[in-house]
Amino acid sequence: MSETKSSDLDGHSGDDHGHGGVGKYLAVFVCLCVLTGASFFTYSDLWPFKDTPAVGWVFMMAVSCTKALLVMLFFMHLLWEANWKYVLTFPAALMSVFLILMLIPDVGFRTRKYSEKRWQQAAEPEVHAAPAHHDPDHPEDHQDGPHAHQHD
Amino acid sequence: MGHDESEHQDHIQLEYQPALPMSNGKLIVWLFLSTEIMFFAGLIGTYIVLRFGAPAGTWPTPADVHLSEPIGAFNTFVLICSSVTVVLCLEACRAGRAATAKRWLFSTFLLGSVFLGVKVYEYNQKFSHGIYPKKPRSLLHERANLEYAAALRSPLKAKRDELDKKKVELGGSETTENAESEEAGEKQVESRLEESEERDLQKYNRLLSGVVEWAEYVATDPATPEAERRDVLVQLANYVSGPGHAHGHAETEVSPFAGQLDQERDELKAEQDRLEEKQRQLLAARQNNSGSEATQKADIQSDLAAVEGRLKRISHRMDGIGLLRELKHGINEDYQMHLPIVLPSGNMWASTYFLLTGFHALHVLVGLIVFAIGMGMYLDPEKAGFIENIGLYWHFVDLVWIFLFPLLYLF
């Protein structure tokens, strides 16, 4: 009795063919591979936004979120689950996003407000003046080598 | 048990109604996964904040830290495949095809092992380049300063002294055995410093006096302009770690430093000629003034000493330049050495990289253990709940990597 009950609870006794299926999984697999190729494409020389890395970052994060959604919806069967899925996933996801958003102004942007005097005591090497003479259009250009800005 | 049930027959029969329409196991896995989301969000968030909080241009590029993007992409592909195999395993298990289910589970296990194997290879690459998560073994320095030059000097000096000592010992035995028979003479020929060791000794000497000590000398000389003092140390760091991978991987026949070094050599040559001329004049002056005042003689003597000291340094530097001109990828790579390198934010990068990938690899390892347990079972439809639960966990591991791959390898 308990066995039938647990398979009832899993919701697979009645609608076994309502979802899943090898065909669907393979389609998702192909999508995932294509998307991985897409984010890897930003590494190739053909990627047109080499000089504005932010475009690449946004693109890659969008691709990653899409991949994550595909995995969760199809492989983790969330698409076919009851509404409890929101209870368990939303709070955790929101707390994760809030954590990062709260850390960015205090820690992430700390060096942007450093005074000249603060820079002298800073653990980070002082490079705040360098991007201006190096590449005035893209002050946040991270693509240069680490030694690039030290020649000032 | 049966007795118990008959006793309870008098009471009202309560039927258990679960709060959520799923088995306890699956509920627990999902609860666990929601805490895992926050756990990895903390780690990834820390990385994002530190990476984008680093002053512009100070965060290492993947090439600086020897991360290979194709390898990362391959690992992503491996994990995606393993996600598919585990989901196919669940399908087969539910359909009652136990043997097929086991095959898919075994494939998942294999793919997970491949992932970990690649990780081991990658970690080895980091370690071989002196990138460690912890300071005492890490060879990364934040800035090219005098402290860095000193950190370069001490291992070179230790190696040089070791060979020097060996040479002196062998040389010493030579003198004592000189008077003895021919047999002893034969022995000392064997125990002389080997040719490769002799070459190493010369190399260390040239690196020490012609590269490191020269940079320290220029950087601490009060006559050197401020900007040049910094440049000479930055240049020193570049000689060690190579011209920077960010600017093309092309193999060149000519050393990337050749132009700069040739210019320096020409300047030093001119100075050398000037100083030699001055040295001749001073020597002549010393001879002519042999009978004159003591103070004047002392002046000439000190000038001569200064000129000779400078000339000696220049000749050391010329040797050093000769050695540096042959460099293709930097001292460390060309000479198979493990000298400290300068990589701004490199230690912070190493900490976050090893923390993120380490915890992820740990999760993969746990997954592999559970798969191994699953492979010992007969996977009939009864085990579908178990397979589904480990599948959920495994998909989550894949999900984390989906974010880690672009963040670590492509950003």
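User: How many helices and strands are there in chain B?

Analyst: In this predicted model, chain B holds 13 helices and two strands. Of its 411 residues, 46% count as buried.

User: What share of the contacts in chain B between residues at least 6 apart in sequence join residues at least 24 apart?

Analyst: The share is 81%, taken among contacts between residues at least 6 apart in sequence.

User: Which residues is Ile331(B) in contact with, leaving aside its neighbours within four places in sequence?

Analyst: With those neighbours left aside, Ile331(B) is in contact with Leu207(B), Tyr239(B), Val240(B), Leu324(B), Gln336(B), Met337(B) and Leu339(B).

User: How does one read the interface, and what area is buried between chain A and chain B?

Analyst: In general, the size of an interface is often given as the accessible area lost when the parts come together. Here the area buried between chain A and chain B is about 6,200 Å², and carbon and sulfur atoms give 71% of that area. In terms of residues, 68 from chain A are in contact with 71 from chain B.

User: How many salt bridges and residue pairs in polar contact are counted between chain A and chain B?

Analyst: The count between the two chains is one salt bridge. For polar contact, the count between chain A and chain B is four residue pairs, both residues being at pLDDT 80 or more. On the side of chain A that touches chain B, the elements giving two or more residues are helix 1 (2–9), helix 2 (22–41), helix 3 (53–75) and helix 4 (84–108) of chain A. Helix 4 of chain A gives the largest share of that side, 13 residues. By residue class, that side of chain A divides into 38 nonpolar, 19 polar and 11 charged residues.

User: Which side chains meet in a salt bridge with a distance of 2.6 Å, N to O, and where do they lie?

Analyst: The side chains are those of Lys26(B) and Glu81(A). Lys26(B) lies in helix 2 (residues 24–53) of chain B, whereas Glu81(A) lies in the loop between helix 3 and helix 4 of chain A, so the pair joins two chains. Both Lys26(B) and Glu81(A) are buried. A network of salt bridges links Glu81(A), Lys26(B), Arg94(B) and Glu388(B).

User: How many salt bridges are there over all chains, and which residue forms one with Glu216(B)?

Analyst: The count comes to 16 salt bridges over all chains. Glu216(B) forms a salt bridge with Arg153(B), and their closest N and O atoms are 2.7 Å apart. This pair links distant parts of the chain, 63 residues apart: Glu216(B) is in helix 7 (residues 195–220) of chain B and Arg153(B) in helix 5 (residues 146–177) of chain B.

User: Why does Glu216(B) count as buried, and why does Arg153(B) count as partly exposed?

Analyst: The cut-off for buried is under 20% relative accessible area, and partly exposed lies between that and over 50%. Glu216(B) counts as buried because its relative accessibility is 12%. Arg153(B) counts as partly exposed because its relative accessibility is 23%.

User: What separates Glu277(B) and Arg280(B) along helix 9 of chain B?

Analyst: Glu277(B) and Arg280(B) are separated by about one helical turn, because they are three residues apart in helix 9 (residues 258–288) of chain B. These two residues form a salt bridge in which the closest N and O atoms are 3.1 Å apart. Glu277(B) is partly exposed, at a relative accessible area of 38%.

Note on methods
Residues are numbered from 1 along each chain as its sequence is written. Chains are lettered from A and ligands numbered from 1 in the order in which they are written. This is a predicted model: local features need pLDDT of at least 70, side-chain atom pairs count only at pLDDT 80 or more; totals for chains, interfaces and linings use all residues. Side-chain values use heavy atoms; hydrogens and water are left out. Contact means heavy atoms within 4.5 Å. Buried area is the accessible area (1.4 Å probe) that two parts lose on being put together, summed over both. A salt bridge is a side-chain nitrogen of Lys or Arg within 4 Å of a carboxyl oxygen of Asp or Glu. A polar contact is a pair of N or O atoms within 3.5 Å; within protein, one must be able to donate a hydrogen and the other to accept it, and residues adjacent in sequence count only if both atoms are side-chain atoms. Helices (H or I, at least four residues) and strands (E, at least two) are DSSP runs, numbered from the N terminus. Ala, Val, Leu, Ile, Met, Phe, Trp, Tyr, Cys and Pro count as nonpolar, Asp, Glu, Lys and Arg as charged, and the others, Gly among them, as polar. Buried means under 20% relative accessible area, exposed over 50%, partly exposed in between (1.4 Å probe, protein chains only).
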